[in-house]
Amino acid sequence: MRKLIAGNWKMNGTKADLPQLHALAESHKDATVDVVISGPATLLSRMAETGLAIGGQDCHPSTSGAHTGDISADMIKDTGADYVIVGHSERRTDHTEDDALISSKTVAGWNADLHVILCIGETEAQYRDGETLNVLLAQMDHSIPNAATAANTTIAYEPIWAIGTGLTPTPQEIADVHAALRAYLVDRFGGEGAAMRLLYGGSVKASNAADIFALDNVNGALVGGASLKAADFSPIVTALEQSA
């Protein structure tokens, strides 16, 4: 299994930030892991010119139509991108996206020949109430279509309460969750589930990356704010390479 690290720029970035990607591409031109940056739609075509693998941050489930302001998976693919994120907690929360919609977006991504990074995660209240696994397994039940394979889908676990807060679960908590997610994937998808990559996300930074990547069933990371600057993101990429 080749490990994967994906940076999610969210609603950040203009052409003035492209040198960050050129620097990252130069530093990791011989990377032994897959390095992906999911940027704003306005930059995707220019980001693809850096030589890095590029992804969209969301897609519409339809291929085209009267959906002002939305972007289809085919449009993302047309920029030179190879990945798309779906189901991020900020989409689930800010745009009230449910599992059925996320499932349909996943299929749209596949149909456009995009690799889908499908996000799941629990709120702080759910975490405090001991509901983490119940929430995550329900999200996987209803968000992941039956045609998921290791070649077309990666699962990213991001505890919502850890995103951008500086808080992270303990290493044992991350290991326990990822073990349960792996067991679910194997039970549902067999060998494909055993080969499907599981990413951790939520306040991943250079200071904690090595400890997180040393855990079983953590096959990479989905990184937010720390992916905006090459100087911050590059050490995380290196930590993943050293764990491979």
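A helix crossing is left-handed if the near helix is turned anticlockwise from the far one by less than a right angle, and right-handed if clockwise. Keep in mind that this model is predicted.

**Exercise 1. Describe how helices H5 and H7 cross.**

Solution. 
- Locate the helices: H5 spans residues 99-111 and H7 spans residues 132-143.
- Take the axes. They come within 8 Å and cross at roughly 50°.
- Classify the angle. Angles under 35 degrees count as roughly parallel and 65 to 115 as roughly perpendicular. H5 is therefore oblique to H7.
- Assign the hand: the H5 and H7 crossing is right-handed.

**Exercise 2. Trace the strand pairing from S2 through S3 to S4.**

Solution. 
- Start with S2 (residues 34-38). Three bridges join S2 to S3 (residues 53-56), and the two strands run parallel. Ser38 has Gly55 in S3 as its bridge partner.
- Move on to S4 (residues 83-86). Two bridges link S3 and S4, again in parallel. Here Gly56 is bridged to Val84 of S4.

**Exercise 3. Classify the aromatic pair of Tyr127 and Trp161, and say what the pair ties together.**

Solution. 
- Count the pairs: the structure holds two aromatic pairs.
- Check the geometry of Tyr127 and Trp161. Their ring centres are 4.2 Å apart, with 25° between the planes. Planes under 30 degrees apart count as stacked, so this pair is stacked.
- Place the residues. Tyr127 lies in helix H6 (residues 124-128), and Trp161 in the loop between strand S6 (153-157) and helix H8 (171-189), so the pair ties together parts 34 residues apart in sequence.

Key. Residues are numbered from 1 along each chain as its sequence is written. This is a predicted model: local features need pLDDT of at least 70, side-chain atom pairs count only at pLDDT 80 or more; totals for chains, interfaces and linings use all residues. Side-chain values use heavy atoms; hydrogens and water are left out. Two strands pair if DSSP finds at least two bridges between them. Helices (H or I, at least four residues) and strands (E, at least two) are DSSP runs, numbered from the N terminus. Rings of Phe, Tyr and Trp (its six-membered ring) pair if their centres lie within 6.5 Å; planes under 30 degrees apart count as stacked, over 60 as edge-to-face and the rest as tilted. Axes are lines fitted to C-alpha atoms, for helices over the stretch in contact, and angles run from 0 to 180 degrees between N-to-C directions. Angles under 35 degrees count as roughly parallel, over 145 as roughly antiparallel, 65 to 115 as roughly perpendicular and the rest as oblique.
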